[in-house]
Amino acid sequence: MTDEGRDGGTARRRGARRRADRLLGAAAEPTAPRATRPPSDAPPAVRRAALVVAVEAALLGVVALGLLFLTVTSTPDSTGRALAEVVYVGAGAALLAAAAVGLRRVSAWARAPVIVLQILLGLLGYTTAFAGGLPLVGLPVLALVATELYLLATPEARLAFSQR
């Protein structure tokens, strides 16, 4: 193929591209490279809080798997409600896992969901320990909740989140 043939084909493609740009809009310019985030220096209390939340997420994941096993191997009154319970516990575990990552990065969004879930877990632990008659299950949950709320209430943790 001659140089003229190649140049003519290139010119036709450029003309077709311009026509397509006029009809459909031109392609966006490439974005600037993303700035690298400096690693956040989370204070020790926030790192410990993230660790406690990660432990809670792992334990809730185990509970969700246990509920799923019980749902599959037994005959629940309502399979839909039993599966919904598994989904709710699994979603709580996933939310806690995401919040643990957010706490470790000192992300401002992570603190509020953790506090709300700690209050809900505290109510669940209290009900399980005292009204449900299972203190071996409820009291460790209450201990984790109290530890988490204490760690998030320390001055260094409050300061770390107020600067974000």
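The crossing of helix 2 and helix 5 is left-handed, meaning that the near helix is turned anticlockwise from the far one by less than a right angle. This is a predicted model, in which local features need pLDDT of at least 70 and side-chain atom pairs count only at pLDDT 80 or more, while totals for chains, interfaces and linings use all residues. Residues are numbered from 1 along each chain as its sequence is written, and side-chain values use heavy atoms, without hydrogens and water.

Helices are DSSP runs of H or I with at least four residues, numbered from the N terminus. Helix 2 packs against helix 5 at an angle of about 150°, and their axes lie 9 Å apart; axes are lines fitted to C-alpha atoms over the stretch in contact, and angles run from 0 to 180 degrees between N-to-C directions. Helix 2 is therefore roughly antiparallel to helix 5, a label for angles over 145 degrees. In their contact (heavy atoms within 4.5 Å), helix 2 contributes Ala-45, Arg-48, Ala-49, Val-52, Val-53, Glu-56 and Leu-59, and helix 5 contributes Leu-144, Val-145, Thr-147, Glu-148, Leu-151 and Leu-152. By class, these are nine nonpolar, one polar and three charged residues; Ala, Val, Leu, Ile, Met, Phe, Trp, Tyr, Cys and Pro count as nonpolar, Asp, Glu, Lys and Arg as charged, and the others, Gly among them, as polar.

Helix 5 also packs against helix 4, at an angle of about 155° with the axes 8 Å apart. Helix 4 is therefore roughly antiparallel to helix 5. The contact includes Leu-121, Gly-122 and Gly-125 of helix 4 and Gly-138, Val-141 and Leu-142 of helix 5. Its classes are 15 nonpolar, five polar and two charged residues.

The axes of helix 5 and helix 6 (residues 155-162) come within 5 Å and cross at roughly 60°.

Now to the pocket. A pocket is an open set of points on a 1 Å grid over the protein atoms alone, where a 1.4 Å probe fits, with protein on both sides within 12 Å along at least five of seven lines; lining residues have an atom within 4 Å of a point. The largest pocket has a volume of about 620 Å³. Its lining has 22 residues, with Leu-60, Val-63, Leu-121, Leu-124 and Val-141 nearest the centre. Helix 2 (44-73), helix 3 (79-104), helix 4 (111-131) and helix 5 (135-153) each supply at least two lining residues. The lining has 16 nonpolar, four polar and two charged residues.

Methods:
Grid points are joined across faces, edges and corners, and a volume is the space filled by probe spheres set on the points. Angles under 35 degrees count as roughly parallel, over 145 as roughly antiparallel, 65 to 115 as roughly perpendicular and the rest as oblique.
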